[in-house]
Amino acid sequence: MKRVLKSFFYSFPVQLVLLHFKKFQVLLLFWVILFSAVNGSFMKMYGVDSLYLAPEYLDKVNFLSTLFVGAAMGVFIMSWNITTFILFSRHFKFLATNTKPFLKYCINNAVIPLVFLLFYFFAAVKHGRSKELLSVADILLLVAGFLSGLICSIALSFYYFFRADKTINRRMVAVSSQQPKPPLQQAHIVLNSGGSRLLKIQSYFDSPLSIKPVRGVAHYSNAFIEKVFSRHHFAAVISIFIAFLFLIILGFFLDKPIFQLPAAASITLFFAILVSVAGAFSYFLQSWSVPFLVLLIAFLNVLYQYEVIDPSNKAYGLNYENRNERPQYNRETLMQLCQPEQVDKDYASMIQVLENWKRKQGAAKPVLYLVATSGGGTRSATFTMNVLQHLDSISSGRFMDKVFMITGASGGILGAAYFRELAKLKASGAPINLQDKRYADNISKDLLNPVLSSLVARDLASPSQKFRVGEHDYIKDRGYAFEQKLAENTQWLLNKQLRDIAEDEHKAVMPLMIFNSVITRDSRRMLISTQPVSFLMRPAYDTQRVSSMEPDAVDFCALFSKQQPMNLRLLSALRMNATFPYVLPNVWLPSNPVIDVMDAGLRDNFGQETALRFLFVFRKWISENTSKVVLIQLRDRRNGGWDHPFETNNISEIITKPMLLFQYNYYKMQEYSQNEVIGLQSLLNNKFYKLSFQYIPKKEDGAAALNFHLTKREKQDIEGALSNEDNRLSFEKFKSFLPENSMRGSKVN
């Protein structure tokens with residue numbers, strides 16, 4: 001028994017696994033991420049596991065979608081094999097004496113990939129049954145697709161290497177024929193330069209079902225062995241170059257949906273590239289890898305500072321060309337934008353919009369409705385659409401006519417903007433049923449595939465490609481891919497510029513929508529509106545009692561008045577409002593110094609801050625012209641901050657808790673602060689009411705993920721959340737505010 005265990009321990013596959021852990025642990029990090037992603041422990045709240053276990057292609061989970069993920073996994077496995085073969089092969093000189101040394105290496109290096117694949121199939125079957133509600137036949141079809149892609153990808157790689165092996169063997173046969181038959185002996189490899197630790201290899205898999213003892217190579221010259229490995233390394237490098245060339249070509253066709261790979265496939269290809277790059281650094285630079293990387297980053301930074309390279313994303317439609325007319329972003333400029341004269345002028349303009357809205361209501365003192373929708377990716381967009389459809393049904397199709405303003409953060413504003421355009425289209429006479437389920441299906445469609453495909457094939461690989469908005473050219477990147485996919489999902493209704501909706505908003509033909517984002521330089525809010533909003537740049541205060549307050553928000557159109565702000569694409573305004581960190585690029589703006597903006601949720605994830613400030617500024621008009629004010633809040637999480645409590649379950653979290661406390665409780669702190677402001681609305685003579693509609697999952701561990709991708713089960717769970725007790729009471733309260741059910745009600749929180 002001891003002999004068997006010793007033989008097993010000194011076999012090539014086991015020793016290879018030990019070598020991976022001993023030497024290049026950074027390469028194992030990618031496997032750790034893949035295992036964690038499939039298991040659901042890596043970025044669980046963002047739903048990364050569903051990207052792998054139920055990938056979508058052309059908006060469907062089918063044979064093709066899993067085939068592409070399987071093919072990408074095959075590329076990753078081969079990249080792992082190629083990179084580690086280049087790094088390790090010289091330690092295993094006996095491979096040079098075998099035919100097809102790379103194939104023999106891959107067979108013996110298959111332990112980690114095989115364990116992962118078994119783990120993946122188990123998780124995929126479980127996920128398909130519980131989250132995608134698939135039948136056994138459908139699951140088997142998806143598994144067949146993954147295996148087909150995996151096998152094809154690996155087979156093509158081996159076909160390439162078999163042809164390379166034949167060429168190498170022909171060139172080396174003359175030399176090898178002069179070598180005597182090697183004696184059977186135990187081989188050794190040295191793990192460090194001092195040679196103090198040896199790993200012994202006694203046997204290896206010659207084929208998946210055949211084990212052979214290792215033969216000595218002492219009779220072979222080092223020059224012969226080095227030449228064999230050098231030729232194989234060259235073939236391996238060429239294969240990596242071919243794969244990279246494929247990504248470059250793919251980048252030129254990403255505008256066509258057929259070339260937009262499943263998100264999991266894009267992520268896995270990205271990992272394959274990183275593995276190759278990490279291996280190349282280690283192989284060619286050895287101990288100089290880190291110094292070289294530092295110098296490379298410094299060099300790229302110099303090129304960026306002198307604008308030789310420009311990876312920055314832009315707001316499409318805005319003029320970036322005339323540098324001399326760029327506004328100064330400083331205290332003086334912002335204070336100038338909200339001077340009392342300008343505020344009074346903008347205030348009067350907004351009063352006219354309010355009067356236009358009032359005339360539509362058919363009542364002397366109508367109910368003023370405002371909608372504030374929270375961030376939360378596609379789950380919030382879908383929940384927002386479902387709630388707005390139900391509110392429209394309750395109000396006999398007149399809900400959008402009653403709403404004056406919509407604000408929000410991130411995903412929620414996507415759903416609200418889509419519903420607003422549908423309502424406007426219906427009002428113009430189009431045969432649209434606003435309660436049609438397909439509109440909720442449209443906004444819930446995947447947005448990640450084109451974004452991550454663009455990240456891998458365009459942002460990292462392909463040369464810059466450009467597109468035009470008006471008179472200006474912009475680079476196609478993952479920001480562009482997001483906008484195009486959002487436009488496609490919403491039937492191109494959002495493919496407009498601000499100038500196209502400015503008149504309708506001024507005349508109150510459609511609700512006013514204020515888009516928010518956060519300036520990363522100083523955390524001020526960037527307010528994007530077709531109407532001037534300088535009165536929102538500072539909190540309202542008594543100028544006789546409080547010294548001048550600095551602006552904590554910026555009127556986008558006023559600051560960039562010389563950059564054609566009304567040409568900004570509506571899609572870009574939505575993206576700036578929903579710039580999910582890392583997934584989407586920050587948008588930089590043409591100011592001096594340059595500023596960039598990202599997701600509105602960093603400042604106000606619940607969309608209330610802008611709405612509450614607006615109510616306070618116009619409290620006099622509201623008090624005189626309305627019977628009550630109803631703030632309808634659409635939330636992607638439970639009221640009261642009870643979701644995702646920060647619990648300490650192991651000793652390591654005692655150390656990390658101080659660092660993660662703010663991250664876990666950030667949105668809750670926003671909520672507590674805004675609740676206090678809401679309490680001050682008593683200044684509206686008790687006219688203020690708040691209705692909250694909350695997405696509360698049926699099962700705490702089954703909540704929809706916070707990303708731009710939803711499973712079938714998650715979509716059903718979001719739709720079902722409308723009928724929970726809290727939402728049912730809010731719908732009933734909303735009914736009581738309608739003219740035919742008008743009655744005195746109490747405040748709802």
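Guide: The largest cavity here has a volume of about 100 Å³. This is a predicted model, in which local features need pLDDT of at least 70 and side-chain atom pairs count only at pLDDT 80 or more, while totals for chains, interfaces and linings use all residues. Residues are numbered from 1 along each chain as its sequence is written, and side-chain values use heavy atoms, with hydrogens and water left out.

Visitor: How many cavities of 30 Å³ or more does a search of the whole structure find?

Guide: Rolling a probe the size of a water molecule over the atoms shows where empty space is left. A cavity is a set of points, on a 1 Å grid over the protein atoms alone, where a 1.4 Å probe fits but cannot get out, and lining residues have an atom within 4 Å of a point. Points are joined across faces, edges and corners, and a volume is the space filled by probe spheres set on them. The search finds four cavities of 30 Å³ or more.

Visitor: Which residues lie nearest the centre of the largest cavity?

Guide: Of its 13 lining residues, Leu53, Thr66, Ala124, Leu142 and Val143 lie nearest the centre. Two or more lining residues come from each of α7 (111-130) and α8 (136-177), and α8 gives the largest share, four residues. The lining divides into 11 nonpolar, two polar and no charged residues.

Visitor: What lines the second largest cavity?

Guide: The second largest cavity holds about 70 Å³ of space, and its lining includes Tyr57, Asp59, Pro257 and Lys485. That lining divides into four nonpolar, two polar and three charged residues.

Note on methods
1 Å grid on protein atoms, 1.4 Å probe; cavity = no way out; pocket = protein on both sides within 12 Å on 5 of 7 lines; lining within 4 Å. Nonpolar A, V, L, I, M, F, W, Y, C, P; charged D, E, K, R; others polar.
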